[in-house]
Amino acid sequence: MRGVDLAIYADVLCAEASSLEARAERARSRLRQAAIERRARAALSEVAAQRLEALGLIGGIDEAAARAELRELEAGLEALEELQSFVERELSAA
């Protein structure tokens with residue numbers, strides 16, 4: 001395998017890792033937002049909470065789905081790190 005091909009592939013994998021990490025951070029952010037909304041809901045009047053929910057300003061986060069997405073993204077990142085390590089070893093040997 002040519003070193004230049006490995007280097008290009010390594011760059012592609014790096015970009016993919018960045019993309020996956022950004023998606024994982026967005027999922028973490030949604031989970032943090034859901035936690036804030038749960039605490040706020042306890043402090044709000046029932047009427048205010050219902051109005052905010054009707055406007056789509058609170059309660060729009062499916063926590064189970066966000067957790068599942070985060071687990072999947074983290075597993076994908078782990079697998080991608082293994083592939084990156086392999087490509088880096090191959091690149092060093094080339």
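Visitor: Which residue caps the N-terminal end of α3?
Guide: D62 does: one of its side-chain oxygens lies 3.3 Å from the backbone nitrogen of A64. Helices here are DSSP runs (H or I, at least four residues), numbered from the N terminus. This is a predicted model, in which local features need pLDDT of at least 70, side-chain atom pairs count only at pLDDT 80 or more, and totals for chains, interfaces and linings use all residues. Residues are numbered from 1 along each chain as its sequence is written, and side-chain values use heavy atoms, with hydrogens and water left out.

Visitor: Which residues of α3 are buried?
Guide: They are E63, A66, L70, L73, L77, L80, Q84 and V87. Buried means under 20% relative accessible area, exposed over 50%, and partly exposed in between (1.4 Å probe, protein chains only).

Visitor: What do the buried residues of α3 pack against?
Guide: They pack against α1, residues 3-43.

Visitor: And Q84, what does that touch?
Guide: Leaving aside residues up to four places away in sequence, Q84 touches L13, C14 and A17; contact means heavy atoms within 4.5 Å. Q84 has a relative accessible area of 16%, so it counts as buried.

Visitor: Changing topic: is I8 buried or partly exposed?
Guide: I8, which sits in helix α1, is partly exposed, with a relative accessible area of 48%.

Technical notes:
Helix = DSSP H or I, 4+ residues; strand = E, 2+ residues; numbered from the N terminus. Polar contact = N/O pair within 3.5 Å; in protein donor to acceptor, adjacent residues only side chain to side chain.
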